Amino acid sequence: MRHIISLLMENEAGALSRVAGLFSARGYNIESLTVAPTEDETLSRMTIVTRGSDDVIEQITKQLNKLIDVVKVVDLSEAGHIERELMLVKVRAEDGLREEMKRMSDIFRGRIIDVTDKTYTIELTGAGHKLDAFLEALDKGAILETVRTGASGIGRGDRILKS
Amino acid sequence: MELTGAEIVVRCLAEEGVEFVFGYPGGAVLNIYDEIFKQDKFKHVLVRHEQAAAHAADGYARATGRTGVALVTSGPGATNAVTGIATAYMDSIPLVVISGQVPTPAIGMDAFQEVDMVGITRPCVKHNFLVKDVKDIAETIRKAFYIASTGRPGPVVVDIPKDVTQHKAEFSYPKSVKMRSYNPVTKGHPGQVKRAVQMLLEAKRPMLYTGGGVVLSNAAEELTQFARLLGFPVTSTLMGLGGYPAGDPQFTGMLGMHGTYEANMAMQHCDVLVAIGARFDDRVIGNPEHFFQDGRRIIHIDIDPASIAKRVKVDVPIVGSVKEVLAEMVKLVRAGKERPDPAALKTWWTQIELWRSRDCMKYDRDSSLIKPQYVIEKMHEITRGEAYVTSDVGQHQMWAAQYYKFDQPRHWINSGGLGTMGFGLPAAMGVQFAHPEATVACITGEGSIQMNIQELATCKQFNLPLKVILLNNRYLGMVRQWQEFFYGNRYSESYMDALPDFVKLAESYGHVGMRIEQPGDVEGALKEAFALKERLVFMNFITDQTENVYPMIPAGKGLNEMILV
């Protein structure tokens, strides 16, 4: 099962490698990992997308909680949550393709944020599967480069992760 | 007044009440050593290898319950300590290891004796710090001791660059520590504790499975009260020995790979199992699938939530200090009128006695060769079971655990989790420093002892009257045993050729050496050695080469699949 784990940790040098090291040392899988400081700059917020059985996910959250720098851990997939990922795609936009790319970007509610006479760079935000769908909808040969942030997640409604 | 970083380090250790620092100087820690020279608050013990510094600090910690301290230089000094740190980590031993680091501007420059100590130790410490600002030293060291000694204990590394030990800052030692990210619980959830007690009172075939957590949380007394109040059988892991008196009839012996028949069978066939500060590891329960038993319910008490439900499913998890939870359980049982069903318990004990009558630890007492088990039994007798016993790793370790009947906690000191050969001698030094008047023995093999034999010099320098009991079978015995059982007698590289003359070796270090070849000489030699209170005696027992450790559960099998003698 895919799980999306969110955690708050001390914004200190080495904190990220403790989390990454834990995953590799214990053989847990990381699909994506994003991290950045929060509004309180002493804290970082991390979102990890992982896969595993319930037992493995339980161990992952316990082992994460055990790290001294980790303040709080929550498995967002346990309840309502929202996840978003940002992707930048550089595509061919020559002659006949130019109109087609603009249309595709509009359909997926992307924004063209850089233009040359031969390329567009499209910014797209959404859940991971939406970004996947966009890439699939494009002609493979038209994609020059993609970069994705990995998912960030937050609980729905009153569910708040605070120190 | 402003102090240098080095002065601050030394002041912090004094503030923590540190008695001994086990260490080895080098470039990056010269400033700290200069301050050590000028102080008299703690004693520095110069070891002969940094691995031994960590093990000695570890032995000190295990024997006292206090945090052990080691000090090493950067680079090779730091990496040499890593095995010792990993050893402490696997057995949850509180250590603070201070390592020197190259000066801050040189970090990342591949400087002389530079190594990323924080990176290298990350997977084998409870936590680690790189102190980049002299103003942070005091708070960091305070935190290091706090983290090492609370919750599930463990080693903490504090890496300090040389320039930081030169810089100056105001010194004040923090009175307390508060960390929003680290708040270990100690008290068990009352509802869960109540559920567990109820389950125990209803048990027909109960079993108490106790581990190192009993020793670490100083809960031997609570455990004994608890077990006697209920009249339940008790077993212990290798790490928990001494947590419950081995001489007590309720004690069924050690369990696991080399555990007793009765303990392993009772583990497998009980209906309510209480794991107390133990973690169901592979050397204890073997294969979790074989261990699974329909209808058996499990209560698990542990201070580390991650240890619960890691290898086996648990019915009643209780996160908390073993000491507090057991005290609470004793209180609950005493407050109520209900007691376990005496008829069911009697039937259960009859079964256990039947298993016990199998006498799984018998061995040939008429052999013309020295049997290692006999040496340990005699040693137990002569020391009246009161010695602190350290061991290395292998067959001798198992025989020590099986035949030296530990009645007191913190007297059995061995590397259980990591299984570190070379642990015994330096650990024994730490124990002897902690308890200068006590009898301290190191039971070892000719393979293990050679892994830190240089420490005989440290023992001489500090007049440590250890008794080294070398069970010398000229083989890496446990390797040989596995090769005999599972590799068709192909003894690949397990014969220990070219052994030194251990008597001369001991003598050259200034100690007393003995060589014992006949069973009839064992008792006399032991008596003589243990009577030499002021000297280290190195006893080289030439033992039966083919003796194996029984019972044995082959790796990957279940508790009821023992190989018996």
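Colleague: Phe22(B), buried or exposed?
Modeller: Buried, because its relative accessibility is 0%. This is a predicted model, so the values are computed from it.

Colleague: And Phe20(B), buried or exposed?
Modeller: Phe20(B) also counts as buried, at 13% relative accessibility; the cut-off for buried is under 20%.

Colleague: How many aromatic pairs does the structure hold?
Modeller: Over all chains there are 22 aromatic pairs. One of them joins Phe20(B) and Phe22(B), with 6.3 Å centre to centre and 35 degrees between the planes, a tilted arrangement.

Colleague: What about Tyr363(B) and Tyr403(B), how are their rings arranged?
Modeller: That pair is edge-to-face, because the planes are at 85 degrees, with the centres 5.8 Å apart. Tyr363(B) lies in the loop between helix 15 (342-356) and helix 16 (372-382) of chain B, and Tyr403(B) in helix 17 (residues 395-403) of chain B, so the pair ties together parts that are 40 residues apart in sequence. Both tyrosines, Tyr363(B) and Tyr403(B), are buried.

Colleague: Back to Phe20(B) and Phe22(B): which cluster do ring pairs link them into?
Modeller: The cluster consists of Phe20(B), Phe22(B), Tyr60(B), Phe433(B) and Phe462(B).

Colleague: Which ring does Arg296(B) lie over?
Modeller: Arg296(B) is over the face of Phe291(B), 4.0 Å from the ring centre. Arg480(B) has its charged end over the ring of Tyr475(B), at 5.7 Å from the centre.

Colleague: Arg480(B) is in helix 20 of chain B, then; which residues of that helix are buried?
Modeller: In helix 20 (residues 477-486) of chain B, the buried residues are Gly477(B), Met478(B), Arg480(B), Gln481(B) and Gln483(B). Helix 17 of chain B is included in what covers them. Just after helix 20 of chain B comes Gly488(B), with a positive phi of about 55 degrees.

Colleague: Changing topic. What is the strand order in the open sheet of six strands in chain B?
Modeller: The order is 16-15-17-18-20-19, with parallel pairing. Strand 16 (412-413) and strand 19 (512-516) of chain B are the edge strands, and each pairs on one side only.

Colleague: How many bridges are there between strand 17 and strand 18 of chain B?
Modeller: Five, in the parallel sense, between strand 17 (residues 440-445) and strand 18 (residues 467-472) of chain B.

Colleague: Which strands does helix 16 of chain B lie across?
Modeller: Helix 16 of chain B lies across strand 15 (388-391), strand 17, strand 18 and strand 20 (537-542) of chain B, at about 160 degrees to strand 18 of chain B. Helix 17 of chain B packs on the sheet too, touching strand 15, strand 16, strand 17 and strand 18 of chain B, and its direction makes about 135 degrees with that of strand 17 of chain B.

Colleague: How many residues of strand 12 of chain B are buried?
Modeller: Five of the five residues of strand 12 (residues 272-276) of chain B are buried, so the strand is largely enclosed by the rest of the structure. Val272(B), Val274(B) and Ile276(B) point one way, Leu273(B) and Ala275(B) the other way.

Colleague: What pairs with strand 12 of chain B, and over how many bridges?
Modeller: Strand 9 (residues 206-210) of chain B does, in the parallel sense over five bridges, with Pro206(B) as the bridge partner of Val272(B). Strand 13 (residues 297-302) of chain B is also joined to strand 12 of chain B by five bridges and runs parallel to it. There, Ile276(B) has Ile301(B) as its bridge partner.

Colleague: Now chain A. What order do the strands of its open sheet of four have?
Modeller: The order is 2-3-1-4, and the pairing is antiparallel. Strand 2 (32-37) and strand 4 (70-75) of chain A are the edge strands. Helix 1 (residues 15-25) of chain A lies across strand 1, strand 2 and strand 3 (43-51) of chain A, at about 15 degrees to strand 3 of chain A.

Colleague: Last one: which residues are buried in helix 3 of chain A?
Modeller: Met101(A), Met104(A) and Ser105(A), in a helix of residues 95-107. They are on the same side of helix 3 of chain A, because they cover an arc of only 95 degrees around the axis. On the other side, Gly96(A), Glu99(A) and Ile107(A) are exposed.

Note on methods. Residues are numbered from 1 along each chain as its sequence is written. Chains are lettered from A and ligands numbered from 1 in the order in which they are written. This is a predicted model: local features need pLDDT of at least 70, side-chain atom pairs count only at pLDDT 80 or more; totals for chains, interfaces and linings use all residues. Side-chain values use heavy atoms; hydrogens and water are left out. Rings of Phe, Tyr and Trp (its six-membered ring) pair if their centres lie within 6.5 Å; planes under 30 degrees apart count as stacked, over 60 as edge-to-face and the rest as tilted. Buried means under 20% relative accessible area, exposed over 50%, partly exposed in between (1.4 Å probe, protein chains only). Helices (H or I, at least four residues) and strands (E, at least two) are DSSP runs, numbered from the N terminus. A charge sits over a ring if NZ of Lys or CZ of Arg is within 6 Å of the ring centre and within 35 degrees of the ring normal. Two strands pair if DSSP finds at least two bridges between them. Contact means heavy atoms within 4.5 Å. Axes are lines fitted to C-alpha atoms, for helices over the stretch in contact, and angles run from 0 to 180 degrees between N-to-C directions. The arc is that of the directions from the helix axis to the C-beta atoms.
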